[in-house]
Amino acid sequence: MKKAAIWLLNAVDHLVPKQDKILLRGLPDVEDQCLSMLQALARRQYRGTVAWVMRSTPAGLEAVRRQYGLDSLHLRVCRSGGLSAVGHFLTARFVLFTHGAYSQGDWGNYTPPRGKTVVNMWHGMPIKAIWKFLPGAAESPRANVLLATSPRFQQVMAEASGMPEEQVWVTGLPRNDMLQWRAAEAENSIRELVGDGPWYLYLPTYRKSKAGFPVQDGCEHESVLAMSGDEIATLDRWLRDAGIKLVVKAHPLSVHARARHANLTDNIAVISEGWLTDHQLTLYGLAGYSAGLITDLSSVVVDYLLLDRPVFI
């Protein structure tokens with residue numbers, strides 16, 4: 001059934017005329033790559049339709065549109081499982097995604113037709129194994145173009161995806177623009193979370209994925225901090241004595257991704273994707289305000305070097 005659906009999608013996609021339309025899809029739904037692309041399209045006064053495909057329509061999306069200056073765009077938000085999303089996908093001249101759009105994670109891989117540009121923006125330069133480097137060799141989502149941040153990562157991404165190097169473009173990543181993004185509302189939200197003192201952002205990667213291609217990479221801990229209760233108490237005392245706060249966010253594919261926002265201690269706060277959306281923030285928008293990064297090892301570390309701030313691995 002799945003193979004038949006992929007074949008039908010390919011056939012229709014090769015036959016349907018393309019319109020002046022861009023389809024965007026990210027993971028999570030409201031994330032830096034997509035928002036950066038939408039802001040760039042708004043700055044360039046793009047007049048075509050932009051279909052933003054989401055797994056669920058988050059509360060506060062209208063506030064996000066206003067916050068990031070997207071009101072001038074002809075933006076259509078649709079659910080990934082709906083017929084309107086499939087229709088936009090088939091008629092769009094450009095498709096940009098981070099984890100696939102009716103390819104990996106949905107119906108399997110498909111082959112883009114000529115006259116349609118499909119860009120795999122991905123979400124960071126890989127430090128951990130991805131795609132063909134994984135045990136079992138997962139297929140990367142099919143695309144005409146894959147983004148990289150340097151000639152070194154161009155080679156890595158080409159080998160991991162199986163794409164020719166000339167189709168891996170060294171452009172940087174759209175989401176890095178968000179590291180410089182500033183807004184008074186965001187500053188107020190961060191101040192409510194951690195106060196006025198210095199704070200560090202802890203971004204643990206996942207050891208066991210809960211979505212997409214199943215990956216077991218080491219031992220997943222019961223705590224998002226990967227620490228015991230005693231270790232958390234020790235860390236909290238150290239943070240208190242140093243006058244530093246710690247903000248922790250789980251990886252979107254982690255088994256801890258659905259953890260709710262909570263203050264673990266007086267000096268350690270765990271935030272969720274929902275907290276970011278509720279406060280019209282993104283992960284990179286938040287990261288731009290941090291005094292330093294702690295990770296074990298997320299690809300965010302490559303981008304964070306742009307800020308020239310301390311990184312603890």
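**Exercise 1. Get an overview of the fold.**
Task: Find what share of the contacts with a separation of 6 or more joins residues 24 or more positions apart, then describe the protein as a whole.

Solution. 
- Step 1. Take the contacts in the protein with a separation of 6 or more; 68% of them join residues 24 or more positions apart.
- Step 2. Note the source: this is a predicted model.
- Step 3. List the elements. There are 10 helices and 13 strands.
- Step 4. Check burial. Of the 313 residues, 53% are buried.
- Step 5. The accessible area is about 14,700 Å², and carbon and sulfur atoms hold 54% of it.

**Exercise 2. Classify an aromatic pair.**
Task: Decide whether the rings of Tyr68 and Trp181 are stacked or edge-to-face, and say which parts of the chain they link.

Solution. 
- Step 1. Count the pairs. The protein has 3 aromatic pairs.
- Step 2. Apply the cut-offs. Ring centres must lie within 6.5 Å, and planes under 30 degrees apart count as stacked. For Tyr68 and Trp181 the centres are 4.8 Å apart and the planes meet at 20°, so this pair is stacked.
- Step 3. Tyr68 is in the loop between α3 (61-67) and β3 (74-79), while Trp181 is in the loop between β7 (168-170) and α6 (184-194). The pair therefore ties together parts 113 residues apart in sequence.
- Step 4. Check burial, which means under 20% relative accessible area. Tyr68 is at 4%, so it is buried. Trp181 is at 11%, so it is buried.

**Exercise 3. Find charges over rings.**
Task: Which rings lie under the charged ends of Lys116 and Arg182?

Solution. 
- Step 1. Start at Lys116. Its charged end sits over the ring of Phe89, 4.0 Å from the ring centre.
- Step 2. Go to Arg182. Its charged end sits over the ring of Tyr289, 4.5 Å from the centre.

**Exercise 4. Explore the nonpolar cores.**
Task: Which residues touch the most other members of the largest nonpolar core?

Solution. 
- Step 1. In soluble globular proteins, nonpolar side chains tend to be buried together.
- Step 2. Take the largest core, with 64 residues. Leu24, Leu35, Leu38, Trp52, Met157 and Leu201 touch the most other members.
- Step 3. Zoom in on Trp52. Outside four places in sequence, its contacts include Leu24, Leu35, Leu38, Val77 and Cys78.

**Exercise 5. Follow helix α5.**
Task: Which elements do the buried residues of α5 pack against?

Solution. 
- Step 1. List the buried residues of α5 (residues 151-161): Phe153, Gln154, Val156, Met157, Ala158, Ala160 and Ser161.
- Step 2. Find their partners. They pack against β6 (145-148), β7 and α10 (300-304).
- Step 3. Look just after α5. There Gly162 has a positive phi of about 80°.

Notes. Residues are numbered from 1 along each chain as its sequence is written. This is a predicted model: local features need pLDDT of at least 70, side-chain atom pairs count only at pLDDT 80 or more; totals for chains, interfaces and linings use all residues. Side-chain values use heavy atoms; hydrogens and water are left out. Rings of Phe, Tyr and Trp (its six-membered ring) pair if their centres lie within 6.5 Å; planes under 30 degrees apart count as stacked, over 60 as edge-to-face and the rest as tilted. Helices (H or I, at least four residues) and strands (E, at least two) are DSSP runs, numbered from the N terminus. Buried means under 20% relative accessible area, exposed over 50%, partly exposed in between (1.4 Å probe, protein chains only). A charge sits over a ring if NZ of Lys or CZ of Arg is within 6 Å of the ring centre and within 35 degrees of the ring normal. Contact means heavy atoms within 4.5 Å. Accessible areas come from the Shrake-Rupley method with a 1.4 Å probe; for residues, only the protein chains shown count as cover. A nonpolar core is a set of buried Ala, Val, Leu, Ile, Met, Phe, Trp, Tyr and Cys residues joined through side-chain atoms within 4.5 Å.
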